[in-house]
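This report goes through a single protein chain, from its overall make-up to individual residues. The sequence and the model are shown first.

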Amino acid sequence: MSATLAVVYGADGKAQGDNLIVSGKTPVSVEGDIATYALDYGIPSLNTDTGEYSFTANGLGPDQGSVQQRITFVAKDGDGDTASRAVTITVDKPAPPDIT
């Protein structure tokens, strides 16, 4: 799943360092402008310049049906102003394959 989050830092530009926090977590890896995070039910990757993000779901346990992963994005500009948005993604367990 992928989408774009509108991130406008304004005249102050984006903050140095952790300018985007996802669900209270700092990135587990950063390559260029792509920050990757580890959440309970998946891995969001976010382009800190364009706001494009993707989400890759983790495998669900055998007793889990569908779960919801709420992702809160907080952007911080150069003088410390913040803005936030949240999305909720439903992660469904794939149906078992048909065996004939």
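## Conventions

A residue is called buried under 20% relative accessible area, exposed over 50% and partly exposed in between, with a 1.4 Å probe and with protein chains only taken into account. The model is a predicted one, in which local features need pLDDT of at least 70 and side-chain atom pairs count only at pLDDT 80 or more, whereas totals for chains, interfaces and linings use all residues. Residues are numbered from 1 along each chain as its sequence is written, and side-chain values use heavy atoms, with hydrogens and water left out.

## Overall make-up

The protein chain has eight strands and zero helices, where both kinds of element are DSSP runs numbered from the N terminus, helices being H or I runs of at least four residues and strands being E runs of at least two. Read from the N terminus, the order of elements is β-β-β-β-β-β-β-β.

Of the 100 residues in the protein chain, 29% are buried. The accessible surface comes to about 6300 Å², and carbon and sulfur atoms hold 48% of this surface; the areas come from the Shrake-Rupley method with a 1.4 Å probe, and for residues only the protein chains shown count as cover. Among contacts (heavy atoms within 4.5 Å) with a separation of 6 or more, 48% are between residues 24 or more positions apart.

## The largest nonpolar core

In soluble globular proteins, nonpolar side chains tend to be buried together. A nonpolar core is here a set of buried Ala, Val, Leu, Ile, Met, Phe, Trp, Tyr and Cys residues joined through side-chain atoms within 4.5 Å. The largest such core has 13 residues, of which Val-22, Leu-46, Ile-71, Phe-73 and Val-91 touch the most other members. Strands E6 (52-57), E7 (67-76) and E8 (82-91) each supply at least two residues of this core, and E7 gives the most, with three residues.

Leaving aside neighbours within four places in sequence, Ile-71 is in contact with Val-22, Ser-23, Leu-39, Pro-44, Phe-55, Arg-85, Ala-86, Val-87 and Ile-89. Leu-46 lies in strand E5 and counts as buried because its relative accessibility is 1%; its C-alpha atom is separated by 5.2 Å from that of Ala-35, eleven residues apart along the chain.

One aromatic pair is counted, under the rule that rings of Phe, Tyr and Trp (its six-membered ring) pair if their centres lie within 6.5 Å, with planes under 30 degrees apart taken as stacked, over 60 as edge-to-face and the rest as tilted. The pair is formed by Tyr-53 and Phe-73, and it is tilted, at 5.1 Å centre to centre with 50 degrees between the planes. Tyr-53 in strand E6 and Phe-73 in strand E7 are 20 residues apart, so that the pair links distant parts of the chain. Both Tyr-53 and Phe-73 are buried.

Strand E5 (residues 42-47) runs antiparallel to E6 and is joined to E6 by five bridges; strands pair if DSSP finds at least two bridges between them. Pro-44 stands opposite Phe-55 in E6. Four residues lie between the strands of this hairpin, in which Gly-51 takes a positive phi near 85 degrees.

Asn-47, in strand E5, counts as buried because its relative accessibility is 17%. A polar atom of the Asn-47 side chain lies 3.0 Å from the backbone nitrogen of Thr-50. Not counting residues up to four places away in sequence, Asn-47 touches Asp-33, Ile-34 and Glu-52.

Gln-69 is placed in strand E7 and, at 7% relative accessibility, counts as buried. Its side chain reaches the backbone nitrogen of Asp-40 at 3.5 Å. Beyond residues up to four places away in sequence, Gln-69 touches Leu-39, Asp-40, Tyr-41, Gly-42, Phe-55, Val-87, Thr-88 and Ile-89.

Ser-66, in the loop between E6 and E7, counts as partly exposed because its relative accessibility is 46%. Ser-66 and Val-91 are 25 residues apart in sequence and 5.5 Å apart in space, C-alpha to C-alpha. Ser-23 lies in the loop between strand E2 (20-22) and strand E3 (29-31), and has a positive phi near 50 degrees although it is a residue other than glycine. Most residues other than glycine have a negative phi.

Conventions
A polar contact is a pair of N or O atoms within 3.5 Å; within protein, one must be able to donate a hydrogen and the other to accept it, and residues adjacent in sequence count only if both atoms are side-chain atoms.
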